[in-house]
Amino acid sequence: MHISEGVLSGKVLGVGALITIGGTFIGIKNLKFEDYPKVSLLTSAFFVASLIHIPIGPTSTHLVLNGLCGIILGWKSFPCILLALFLQAILFQFGGLTSLGTNTANMAIPAVISYYLFRPFLKKNYFITGFLSGFFSISLSCLSVFLSLYFTGSFFKNFGKAIFFAHLPIAFIEGIITGFILSFLSKTKKEILEG
Amino acid sequence: MEKIDPRLRILCSFTYSILVALEKNIEIFKYYLILPVVLVFFISDFKKFFKSFISVNIFIFLCWLFLPFSIGGKVLFNFLKFKVTYQGIRYAFLITIKANLIFITNFVLIFSTHPIRVIHALHHLYLPKKLVNIFFLSTRYIPVIENEKNRLQKAMRVRCFVPKNDIHTYRTIGNLLGLIILKSYERSERIYKAMILRSFSGIFWTYYHFKWSKKDTIICLSVIIYFVWIIYLKIK
């Protein structure tokens with residue numbers, strides 16, 4: 001999911017960076033002084049969550065949780081995902097610094113969309129809303145990765161398709177886990193989901 | 001390398017990365033090689049370098065599996081009914097060079113520094129204050145929450161939890177993650193109270209300050225000359 005440096009064309013990098021700058025600006029605009037610890041600690045929690053590996057078939061994968069991040073943080077998921085990807089780039093060299101803008105946009109746009117799409121239905125059924133938001137946001141992220149590769153050059157079509165279909169089972173599992181997390185949080189601490 | 005001002009290192013590596021990422025002409029790459037070749041001598045931790053090198057090249061390797069067959073052009077040879085083209089190999093090669101040149105430069109200039117120092121340097125490079133505050137706080141608390149995660153996972157192992165492909169595993173991991181989020185949320189409330197108690201006003205004061213030395217000026221000038229030279233070659 002992390003696109004490496006040097007793969008994308010200048011246009012895609014530029015558009016991605018602009019979207020990320022805009023989204024981050026909106027995200028931090030309404031940030032009040034008392035939100036700092038909450039947003040920061042949730043960011044660290046999402047970063048740590050992405051270190052946990054889940055068995056899937058014969059291999060294992062790590063979680064992204066951008067659907068959950070979107071539901072909890074809304075527009076603030078832009079700075080959250082930006083930091084997580086920045087740290088992944090400088091600590092583990094997943095992705096890169098020039099492609100940081102595009103990678104952040106690819107993951108944060110679905111997060112924000114899932115905030116508007118699924119948050120109103122949260123109270124009806126936590127598990128199903130969580131499942132849908134997790135499944136939807138990973139699929140949309142993959143679609144967006146596919147599009148950023150496709151706009152770089154149409155010859156990336158097959159590669160993009162392969163990435164997209166390889167991530168469908170991951171999206172499914174991510175959905176299930178997001179559902180379980182949301183139903184856990186609804187039983188233990190509802191104000192995280194309401195605040 | 002640590003003695004050079006981090007601000008200079010970040011700017012230098014950022015400019016270089018952008019120049020390389022936007023480059024399409026394969027001929028010019030011999031000039032781009034100069035900076036990474038100089039920097040290779042400053043690598044101190046080779047084990048970490050090779051580990052990172054592999055993780056950078058996984059994506060590139062996947063590209064090699066698809067690209068040589070996907071671009072139309074002069075057919076070099078056939079491989080199991082697929083046509084391998086000259087243009088395809090050339091493009092895949094270009095991507096490989098770009099990714100690795102940027103990787104080596106960033107590895108020596110930025111990745112060897114502690115993230116807190118990188119963010120501190122970004123603060124001096126006019127990153128918005130609110131963003132810097134979030135970055136500082138969450139980078140500081142990542143190890144704490146990671147410890148928490150390790151403790152919970154240890155408790156799971158003690159109770160003979162083995163991850164499998166079943167709904168029980170997913171529910172358990174969902175609960176584990178929920179608990180991590182819950183704990184970090186509660187911790188954030190405590191941190192907020194502690195910050196209020198110490199009359200936090202929105203600025204993290206730092207004890208350590210960067211000092212711009214004569215050496216930095218010399219390096220800065222030579223790097224600028226190098227970049228201008230490359231841009232001149234590019235235009236020509």
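In chain B of this predicted model, 68% of the contacts between residues at least 6 apart in sequence join residues at least 24 apart. Chain B contains 9 helices and 2 strands, and along the sequence these elements follow the pattern α-α-α-α-β-β-α-α-α-α-α. Taken along the principal axes, the C-alpha atoms of chain B fill a box of roughly 65 × 60 × 30 Å. Buried residues make up 29% of the 236 residues in this chain.

Chain A can be described in the same terms. It has 8 helices and 2 strands, arranged along the sequence as α-α-β-β-α-α-α-α-α-α. A compact globule of 195 residues would have a radius of gyration near 16 Å, and chain A, with 16 Å, therefore agrees with that expectation. Its C-alpha atoms fill a box of roughly 50 × 40 × 30 Å along the principal axes. Of the 195 residues of chain A, 61% count as buried. Among contacts in chain A with a separation of 6 or more, residues 24 or more positions apart account for 72%.

The two chains meet through 55 residues of chain A and 61 residues of chain B. On the side of chain A that touches chain B, at least two residues come from each of helix H1 (10-29), helix H2 (36-49), strand E1 (53-56), helix H4 (77-92) and H7. The largest share of that side, 13 residues, belongs to H2(A). By class, the residues of chain A that touch chain B comprise 38 nonpolar, 13 polar and 4 charged.

One helix pair gives a close view of the meeting of the chains. Helix H7 (residues 157-188) of chain A packs with helix H4 (residues 46-70) of chain B at an angle of about 145°, and their axes are 8 Å apart. In this pairing, Asn158(A), Phe159(A) and Ala162(A) of H7(A) meet Cys63(B), Phe66(B) and Ser70(B) of H4(B). The contact of H7(A) with H4(B) holds 4 nonpolar, 2 polar and no charged residues.

In soluble globular proteins, nonpolar side chains tend to be buried together. Leaving aside residues up to four places away in sequence, Ile81(A) touches Asn66(A), Cys69(A), Thr104(A), Met107(A), Ala108(A) and Ala111(A).

Helix H6 of chain B also has a buried side, made up of Val118(B), Ile119(B), His120(B) and Ala121(B). These buried residues pack against H4 of chain A, and also against helix H1 (6-22), H5 and H7 of chain B. Just after H6(B), Tyr126(B) takes a positive phi of about 70°. Pro128(B) is placed in the loop between helix H6 (115-124) and helix H7 (129-158) of chain B. Pro128(B) counts as partly exposed because 15 C-beta neighbours lie inside 10 Å. The C-alpha atom of Pro128(B) is separated by 34 Å from that of Ile54(B), 74 residues away along the chain.

Two further loop residues have positive phi values. Gln93(A), a residue other than glycine, has a phi near 60° and lies in the loop between H4 and helix H5 (100-118) of chain A. With 24 C-beta neighbours inside 10 Å, Gln93(A) counts as buried. Ser199(B), likewise not a glycine, has a positive phi of about 45°. It lies in the loop between helix H8 (167-197) and helix H9 (214-235) of chain B. Ser199(B) has 6 C-beta neighbours inside 10 Å and so counts as exposed.

Terms used. Residues numbered from 1 in each chain as written. Chains lettered and ligands numbered in written order. Predicted model: local features only at pLDDT ≥ 70, side-chain atom pairs only at ≥ 80, totals over all residues. Contact = placed C-beta atoms within 7 Å. Axes fitted to C-alpha atoms, helices over the stretch in contact; angles between N-to-C directions. Helix = DSSP H or I, 4+ residues; strand = E, 2+ residues; numbered from the N terminus. Nonpolar A, V, L, I, M, F, W, Y, C, P; charged D, E, K, R; others polar. Buried ≥ 20, exposed ≤ 12 C-beta atoms within 10 Å, placed from the backbone. Rg over C-alpha atoms; globule rule 2.2 N^0.38 Å.
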